[in-house]
Amino acid sequence: MLIIFSGLPGSGKSTIARALARRLRAVYLRIDTIEQAIRAAEQGDNEMGPAGYFVAYGLARENLALGSIVITDSVNPLQLTRDAYHEIARSVGVPCLDIEVVCSNSKLHRERVENRTVDIEGLSLPDWQAVITRDYEPWDSERLILDSATLSVEQSVERIIAALAKPL
């Protein structure tokens with residue numbers, strides 16, 4: 001199974017995705033970690049482009065083929081990247097679940113963005129202006145939407161577990 005987390009920075013997706021990965025003992029692929037490792041290897045602070053996503057796609061495909069549950073964690077702002085994850089799941093013959101994490105309370109979302117601490121060495125976090133002006137294409141497919149302003153991490157994980165119990 002491929003579980004695909006998407007959402008703006010500071011929405012709570014990484015916190016929920018990590019909690020779910022612990023619960024399911026799943027492989028956890030975070031784009032921020034992959035991209036920062038690439039930057040560190042190249043000794044640069046460049047804008048990443050698609051490299052991090054291509055690494056994640058390869059790792060997801062390989063781990064799915066080994067029979068692992070894979071959880072991906074990224075902003076995933078483009079329909080193109082969402083479709084790529086779906087194609088990976090299809091190619092390996094496993095189901096996938098899209099999860100979009102939102103924070104409906106803009107004051108709370110802003111507080112989270114402005115008060116986050118870096119948990120990946122060398123990673124530069126976006127400021128509030130970068131978050132609210134980020135290109136984030138509307139969805140044209142079904143997904144589980146979790147509002148971190150109204151749901152705790154535990155409640156979000158339980159909603160995901162319930163969704164996984166239903167036929168996909």
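**Helix packing and pockets**

Helix 3 (residues 51-65) packs against helix 4 (residues 79-92) at an angle of about 25°, and their axes are 9 Å apart. Axes are lines fitted to C-alpha atoms, for helices over the stretch in contact, with angles from 0 to 180 degrees between N-to-C directions; helices are DSSP runs (H or I, at least four residues), as are strands (E, at least two), numbered from the N terminus. The two helices are therefore roughly parallel (angles under 35 degrees). The contact (heavy atoms within 4.5 Å) involves residues including Tyr53, Tyr57 and Leu64 of helix 3 and Tyr85, Ile88 and Val92 of helix 4. Its residues comprise ten nonpolar, two polar and one charged (Ala, Val, Leu, Ile, Met, Phe, Trp, Tyr, Cys and Pro count as nonpolar, Asp, Glu, Lys and Arg as charged, the others, Gly among them, as polar).

This is a predicted model: local features need pLDDT of at least 70, side-chain atom pairs count only at pLDDT 80 or more, and totals for chains, interfaces and linings use all residues. Residues are numbered from 1 along each chain as its sequence is written, and side-chain values use heavy atoms, without hydrogens and water.

A pocket is an open set of points on a 1 Å grid over the protein atoms alone, where a 1.4 Å probe fits, with protein on both sides within 12 Å along at least five of seven lines; lining residues have an atom within 4 Å of a point. The largest pocket is lined by 47 residues, with Pro9, Asp32, Val75, Pro126 and Arg134 nearest its centre. Helix 3 and helix 4 are among the helices that each supply at least two residues of this lining.

How values were computed
Parallel < 35°, antiparallel > 145°, perpendicular 65-115°, else oblique.
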